[in-house]
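Thanks for coming, everyone. I have one structure to walk through today. Have a look at it first, and then I'll start.

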Amino acid sequence: MTTMAHASAPSKKQLIILLSVTLIAGFNQGLLLPLLAILLDQRGISSDLNGLNSMALYIGTFSMMFFIEKPVRKFGYKTGILSGIALAGIATLIFPMCSYLWVWFILRIAVGVGDSALHYCTQLWIVSSSPQNKRGRYISLYGMAYGIGFSLGPTGINLTAIGSWFPFVMNTLLFLIVALFVSTLKPEYPEAAQPAAANGNRFSFTYRVAWFALLPAILYGLLESTMNSNFPLYGLRIDLSKEAISMLLPALGIGSLLVMFPLGSLSDRIGRKGVLMFCACTAGALFFAVPLAGNNIVWLFVLLALIGGLVGSFFSLGLAYAADLLPKNVLPSANVIASIHFSIGSLLGPSLGGYGMRHISVNSLFIMLGGAFILFTVTGLFFRKTKGNVSAESKLFV
């Protein structure tokens, strides 16, 4: 298609389907990360090698971000979503068929590529079509859908009692169902960029204007991958049962769901920067407190729920903040950068967490996470909104 129509605000039907896609994608990630980590641990794979294998999913996500923008501009959201569903669903189905470590590494990359396409299309559609005064609430719906799926994902670990293959097959069937609904949508395309008046770099422009708004994506990736890849191993080291671990992991998502929409609405009223900094500072302190709870399940659940409530919407709030700072024609580039940042955090999390648990201390992952969120708070003190005609300058970029 040579001429791309501007994306309009999603109808009620479109929004429900987009949120359903996000929910199933979240369920897939929430299930695979801890389930595969536990299965590898039961096979005697060390925590640092386990963490390195977990990185594969985010290698797929990271690599895809360098290529996804132009295909989505050309073929539209619907094609991008269906392609992502097909790749992630098929790869998920193959896991129980072949248990070689190197095969799982490749399959995780494929799942990462598929998930990357799903999230890029749904995020960009919602963010670019939302009015600024309601953007926090709209993107919160996306975050809530992902959070529900991600929270439900770890409960699928208990379905291995039926058969080790059952959670994988069930997840693929969910992908198939949601793909049928996506196929009923009309094709939509991102807003076309303005014709280039000069040769410029959209990405350097985006960084200059909105670098602070793009940092939460790194932290969210670090949080998600570390907790879902390393926390199951941490739980086993402090003598928690597999059932207890599967119950504690959703605490992050539950806390996030309870306050995500209020936080989005609050950021619409008082500004997103202040909300992000307060949540990061408080969550950082709570991370430091997690080792003090020992293996007390109640206290661990409370702490993780509080942390999830504070920073579970970091990715979506960061995107909303970036959309406040940037013109619409640059948002696809901002979305690419945010997804790359998420992948960087996700790649660092399992490897640093696994290495720290094996060579430094079993509690090192919480010290790492707490320090990262405190550092973000301090960094925010130095960020100032760019002055000048940002919109006019953005028209220099294709």
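Start with the contacts. Take those between residues at least 6 apart in sequence: 89% of them join residues at least 24 apart. Keep in mind that this is a predicted model.

What is the chain built from? There are 15 helices and zero strands. The chain has 398 residues, and buried residues make up 58% of them. As for the surface, the chain exposes about 15,700 Å². Carbon and sulfur atoms supply 69% of that area.

Next, confidence. The average pLDDT of the chain is 77. A score of at least 70 is reached by 86% of the residues. Which elements sit at the two ends of the scale? Helix α14, residues 364-380, has the highest mean pLDDT, at 89. Helix α15, residues 390-394, has the lowest, at 49. Then look at residues 1-8. Their pLDDT is below 50, yet beyond near neighbours in sequence this stretch has 17 contacts in the model. Another such stretch is residues 193-200, where pLDDT stays under 50. The model gives that stretch 17 contacts beyond four places in sequence. A word of caution here. Where pLDDT is low, the predicted coordinates should not be read in detail.

Now some individual residues. I'll begin with charge. How many salt bridges does the structure hold? It holds one. The side chains of Arg272 and Asp324 form it, at 2.5 Å from N to O. Arg272 lies in helix α10, residues 272-289, and Asp324 lies in helix α12, residues 314-325, so the pair ties together parts that are 52 residues apart in sequence. Are the two partners buried or exposed? Arg272 is buried, at 4% relative accessibility. Asp324 has a relative accessible area of 19%. The cut-off for buried is under 20%, so Asp324 counts as buried.

On to Asn28, in helix α1, which covers residues 12-42. How accessible is Asn28? Its relative accessible area is 0%, so Asn28 is buried. The side chain of Asn28 makes a polar contact with the side chain of Thr92, at 3.3 Å. Set aside residues up to four places away in sequence, and Asn28 touches Ala88, Thr92, Val111, Asp115, Asn171 and Phe175.

Leu107 is buried, at 8% relative accessible area. Arg108 is buried too, at 3%. What do they touch, leaving aside neighbours within four places in sequence? Leu107 is in contact with Ala91, Ile94 and Phe95. Arg108 has Phe95 on its list as well, along with Leu36, Ala37, Leu40, Asn53, Ser54, Ala56 and Leu57. Distances next, C-alpha to C-alpha. Leu107 and Ile90 are 9.2 Å apart in space and 17 residues apart in sequence. Arg108 and Ala91 are also 17 residues apart in sequence, and 7.6 Å apart in space.

Which residues make the nonpolar patch? Ile90, Leu93, Ile94 and Met97 do, and the patch is about 370 Å². Where is Met97? It is in the loop between α3, residues 69-94, and α4, residues 101-128. Met97 has a relative accessible area of 62%. Exposed means over 50%, so Met97 counts as exposed.

Last stop, Phe62. This residue is found in helix α2, residues 47-64. Phe62 is partly exposed, with a relative accessible area of 25%. Which residues does Phe62 touch, not counting those up to four places away in sequence? They are Ile340, Ser343, Ile344 and Leu347. Phe62 and Ser339 are 277 residues apart in sequence. In space, C-alpha to C-alpha, Phe62 and Ser339 are 7.3 Å apart.

To recap, briefly. The chain has 15 helices and zero strands. One salt bridge is present, and its partners are Arg272 and Asp324. The nonpolar patch includes Met97. That's my tour, and I'm happy to take questions.

Note on methods: Residues are numbered from 1 along each chain as its sequence is written. This is a predicted model: local features need pLDDT of at least 70, side-chain atom pairs count only at pLDDT 80 or more; totals for chains, interfaces and linings use all residues. Side-chain values use heavy atoms; hydrogens and water are left out. Patches are made of residues with over 30% relative accessible area and no salt bridge: like charges are joined within 9 Å, nonpolar side chains (Val, Leu, Ile, Met, Phe, Trp, Tyr) within 5 Å. Accessible areas come from the Shrake-Rupley method with a 1.4 Å probe; for residues, only the protein chains shown count as cover. A salt bridge is a side-chain nitrogen of Lys or Arg within 4 Å of a carboxyl oxygen of Asp or Glu. Helices (H or I, at least four residues) and strands (E, at least two) are DSSP runs, numbered from the N terminus. Buried means under 20% relative accessible area, exposed over 50%, partly exposed in between (1.4 Å probe, protein chains only). A polar contact is a pair of N or O atoms within 3.5 Å; within protein, one must be able to donate a hydrogen and the other to accept it, and residues adjacent in sequence count only if both atoms are side-chain atoms. Contact means heavy atoms within 4.5 Å. pLDDT is the predictor's confidence in each residue, from 0 to 100.
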